[in-house]
Amino acid sequence: MSTTGGPRTCRVFYRDYRHAASIPSTHPESLAVDRLTALAERLLVEGDNFLGVVDRNDLILHCYVADRSDEVTIELLYPEASGCLRLTLPREQALARLAELPEVFAESLLSGAQYID
């Protein structure tokens, strides 16, 4: 995410199977933060699609449709760890969290999450 003079940005990667579009996690691209929710709304409807958001410390928020299609699973991945924090929320709550992402991710972003090894 950027704090320089202009709109705040974040780095994203995703896979959209329906539209055969993707940005690889090895080369995330900048996206204006105010466009993140619209991208998530488009992507997080198909079972295999996913969205990743990378903060300035290289922590990754990975989002995908859960087992129930009206829910989204959000994982906080640490580059140096083998596990992650995982939380499944109703779709609208997950989108609301994405709309209010801080510049640096913390465990409090997924309060109530379970650590998965």
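Visitor: Which residues touch the most other members of the largest nonpolar core?

Guide: Leu 51, Val 53, Leu 61 and Leu 98 do, in a core of 32 residues. The elements giving two or more residues to this core are β1, α1 (36–43), β4, β5 (60–65), β6 (71–77), β7 (84–90) and α2 (91–99). The model is predicted: local features need pLDDT of at least 70, side-chain atom pairs count only at pLDDT 80 or more, and totals for chains, interfaces and linings use all residues. Residues are numbered from 1 along each chain as its sequence is written, and side-chain values use heavy atoms, with hydrogens and water left out.

Visitor: What makes a set of residues a nonpolar core?

Guide: The set consists of buried Ala, Val, Leu, Ile, Met, Phe, Trp, Tyr and Cys residues joined through side-chain atoms within 4.5 Å.

Visitor: Why is His 62 called buried?

Guide: Buried means under 20% relative accessible area (exposed is over 50%, partly exposed in between; 1.4 Å probe, protein chains only). His 62 has 18%, so His 62 is buried. His 62 is found in strand β5; strands are DSSP runs of E with at least two residues, helices runs of H or I with at least four, numbered from the N terminus.

Visitor: What is His 62 in contact with, leaving aside neighbours within four places in sequence?

Guide: Phe 13, Phe 50, Leu 51, Gly 52, Thr 73, Ile 74, Glu 75 and Leu 77, where contact means heavy atoms within 4.5 Å.

Visitor: How do you know that β1 and β4 pair?

Guide: Two strands pair if DSSP finds at least two bridges between them. β1 and β4 (residues 50–54) have 5 bridges and pair in the antiparallel sense; Phe 13 stands opposite Gly 52 in β4. β1 (residues 9–16) also pairs with β3 (residues 29–32), antiparallel, over 4 bridges, and Cys 10 stands opposite Leu 31 there. With β2 (residues 21–23), β1 has 3 bridges.

Visitor: Why are α1 and α2 called roughly antiparallel?

Guide: Their axes cross at roughly 150° and come within 9 Å. Axes are lines fitted to C-alpha atoms, for helices over the stretch in contact, and angles run from 0 to 180 degrees between N-to-C directions. Angles over 145 degrees count as roughly antiparallel, under 35 as roughly parallel, 65 to 115 as roughly perpendicular and the rest as oblique. α1 and α2 are therefore roughly antiparallel. The contact is made by Leu 36, Thr 37, Ala 40 and Glu 41 of α1 and Arg 91, Leu 95, Leu 98 and Ala 99 of α2.
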